[in-house]
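This report describes a structure in which protein chains meet. Please keep the sequence and the structure in view while reading.

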Amino acid sequence: MVDWIARAGAKAKGKRPQYFEDPAVDRTLSIVMAIAGEVAVLRERLDTVERLLDAKGTISRADIEAYTPDRQAGAERGLLHKEYLARILRGVQQDMEAMAEKGPSVEELSRELRDL
Amino acid sequence: MSATDVPPPYSAVARHGVSPDVAHDEAARFNFLANLNKALAGFSAGNKLAYDTRVLPAFEAEHGRAPKDRFEIRHAMNRDPWHRYWSALKRNSMEMRQQNGRSMVLRQLDELDAKARQYNEGRDTLVLDPSVAVPRYQSAIDIHCMPGSYHGEERPGDVSAGANYDCGIFATTGGGLGALNDGGGAALVDWIRRERPGWVPKRILDIGATIGHNIVPLALAFPDTEVIAIDTAAPSLRYGHARAQSLGAYNLKFVQMSGEDLSAYPDGHFDWVQTTMFLHELSGTALPRVIREGVRVMAPGGLMLHLEQPQYSDDMPLYEQFIRDWDAFNNNEPFWSAMHALDLKSIMVEAGLPRDSLFVTGVRAVVDEEIFPRQDTGVEDHGRAAVWSAYGAWKPSCPLPEGERVDLREAQAG
């Protein structure tokens, strides 16, 4: 039997690019994104439990594992992930918007307003 | 909000005989990744903003001129905090896809190997040859950050590489290749039916077939055609053969062989020779060799077709070349950059095809749009979109007399 837990995370051959000045930032982002993924997984599992309870009133673990969303539920859960990602990537999205912003800084604005 | 904004759930992926069993949370991980990749593709607009508003102006101020190629843009962009953060997120999504896929596959490797054996043992449609070496351009680095690449084994004789590759394509493309990841192959069937209605090739060769997901639709569309899929990676072939058998593609034979050496086949043996998304995984010397061998084994009147992402040309803006190059440097695709700058047409001419027999056409994945909606919402996920350029040629029916062979220098001048 392969030690699947250890081997699942094997490193790919080839030097990994370093994206930030401090390698600890690279590592922390990897951890944050993995946790973000696991929170999404928990949320989806809870959604399964809620849907099954709605439909059946009582459930087993096997029911959860066997659950397959229908078209409507699949789309609703997709939306759930999309909305969740929009929330956790808010800072990235706002950095993007900031690049397009032409206006003055708050400091400049405050000076300007004071002298009005 | 339209339905195309959200990828379908992983449970919509079709099952075949060697599909891994997917636990609830494993499916949810892929659902998260499909959505994450879609979000990151949407954020790619930030790279262009960073370039236009600060990277390009800073470069021009420093050098007194615009960047002269995609490499200068890359070096400048790699200092930009936005581009760094986006790249780090995207790299993580690739690494998570591999961890998530491997975790699912390896925990049930015993069962998967047993399933594959049921389809493989005693069949003459799987021919493995341990003397075929994995070329250095496949072994030096793990392509797509895929630990062990296409040929890696967790234990001798396993199918882990093929199974992991197959199950994760959904997460990377957000379902863009359809329920069986075969939207590329389905597109080829669609294309040939329009291009040459009624044509039935006698023999088809698919070079660099990996798990055969792009060739199964052709084998099923032409059940009387002898179809050969070759690759150097045994674990991918073992899995691909079992997968194809379970899908009923009995006329499809998987052979462990390098596209650089097709000496097992005589001149003019195949009516159709193709690669799909393979040329960019070849070294600079291997690529022309594969094309030369492919032309040699093509029958007069036969078809050569290479599905690829579009080549860089002088018409393509340098910024677009830079962003299309992202995978080369961030997703372990060492040949991507150089390959896409090659003049493929001249390489095909040099391999013996007359220039006027060449063509380039656009091919879009054909998928069940009820379940896997077309994702043409205007966001191009460079290198992952299910839209390709097909570089092809119809070999002349009569070989040109020796004296009339097209000279490469003339062809290039033309």
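**Terms and basis of the model**

Contact means that heavy atoms lie within 4.5 Å. Helices (H or I, at least four residues) and strands (E, at least two) are DSSP runs, numbered from the N terminus. Axes are lines fitted to C-alpha atoms, for helices over the stretch in contact, and angles run from 0 to 180 degrees between N-to-C directions.

The model is predicted: local features need pLDDT of at least 70 and side-chain atom pairs count only at pLDDT 80 or more, while totals for chains, interfaces and linings use all residues. Residues are numbered from 1 along each chain as its sequence is written, chains are lettered from A and ligands numbered from 1 in the order in which they are written, and side-chain values use heavy atoms, with hydrogens and water left out.

**The sheet of chain B and its helices**

In chain B, eight strands form an open sheet of mixed pairing, in the order β1-β4-β3-β2-β5-β6-β8-β7; two strands pair if DSSP finds at least two bridges between them. The edge strands, β1 (126-127) and β7 (358-364) of chain B, each pair on one side only. Strands β2 (residues 203-207) and β5 (residues 270-276) of chain B run parallel and are joined by three bridges. B:I204 has B:W272 in β5(B) as its bridge partner.

Helix α11 (residues 286-296) of chain B lies across β2, β5 and β6 of chain B, at about 150 degrees to β6(B). Helix α8 (residues 183-195) of chain B lies across β5, β6, β7 and β8 of chain B, at about 135 degrees to β6(B).

**The interface of chains A and B**

In the interface, 55 residues of chain B are in contact with 49 residues of chain A. The two chains bury about 4,600 Å² between them, 65% of it on carbon and sulfur atoms; buried area is the accessible area (1.4 Å probe) that two parts lose on being put together, summed over both. B:H24, B:F32 and B:R84 supply 15% of the area that chain B buries against chain A, more than any other three residues.

**Salt bridges**

A salt bridge is a side-chain nitrogen of Lys or Arg within 4 Å of a carboxyl oxygen of Asp or Glu. Across the interface of chain B and chain A the rule finds five. The side chains of A:R45 and B:D25 meet in a salt bridge (2.9 Å, N to O).

Over all chains, 33 salt bridges are found. Within chain A, the side chains of A:E76 and A:R51 form a salt bridge (2.7 Å, N to O). This pair links distant parts of the chain, with A:E76 in helix α4 (residues 71-88) and A:R51 in helix α2 (residues 23-56) of chain A, 25 residues apart.
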